[in-house]
Every structure is written in structure tokens, then in C-alpha cells.
Amino acid sequence: MSNHIAPRESEISLAELRGDCARMAPHWVVPAKSAPAPVAPSRIHGITVPAASARLIDAMSDYGD
């Protein structure tokens, strides 16, 4: 068993944390982002929207009131 005792979280400074992140950054790999394939409108079926919900969205200015 190791005698090393990790410092409590509150004892780690922001500068140390930023340094740790900077050292780890080259190891992080971001996968290539691919765009999802569009779905043909003919494949979208079986979706119903209650009238109350449609009125609610229609009344919201964010949606082109």
C-alpha cells in the first residue's frame, strides 16, 4: 500500500487544475462528427399532436407568431 495521501479537493488550486487539464488535452480525441441522414417525409407517419399543444405552440412568438 502506498503512503502517498492525495490532497483534498479544496487543497488543489485552480492553477494546478488548469495545468492538469492542459497536460491531458493532447490525449483527448474528438471523433469526427457526421451529419445524420435526412429522413424522407413519406417515412414520417403516426404522429399526432393534441389540439391544445398545437394552439400553445402557435401562440408562442418564438415559433413565428
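**View 1. Asp20 and Arg23 form a salt bridge.** Their closest N and O atoms lie 2.3 Å apart; a salt bridge is a side-chain nitrogen of Lys or Arg within 4 Å of a carboxyl oxygen of Asp or Glu. The model is predicted: local features need pLDDT of at least 70, side-chain atom pairs count only at pLDDT 80 or more, and totals for chains, interfaces and linings use all residues. Residues are numbered from 1 along each chain as its sequence is written, and side-chain values use heavy atoms, leaving out hydrogens and water. Both partners sit in helix 1, 3 residues apart, about one turn of the helix. Helices (H or I, at least four residues) and strands (E, at least two) are DSSP runs, numbered from the N terminus. Asp20 is partly exposed at 38% relative accessible area, while Arg23 is exposed at 54%. Buried means under 20%, exposed over 50%, partly exposed in between (1.4 Å probe, protein chains only). The structure holds 1 salt bridge.

**View 2. Val39, Ile44, Ile47 and Val49 make a nonpolar surface patch.** The patch covers about 430 Å². Patch residues have over 30% relative accessible area and no salt bridge; nonpolar side chains (Val, Leu, Ile, Met, Phe, Trp, Tyr) are joined within 5 Å, like charges within 9 Å. Val49 lies in the loop between helix 1 (14-24) and helix 2 (51-58). Val49 is exposed, at 57% relative accessible area.

**View 3. The chain has 2 helices and 0 strands.** Buried residues make up 0% of its 65 residues. Areas come from the Shrake-Rupley method with a 1.4 Å probe; for residues, only the protein chains shown count as cover.
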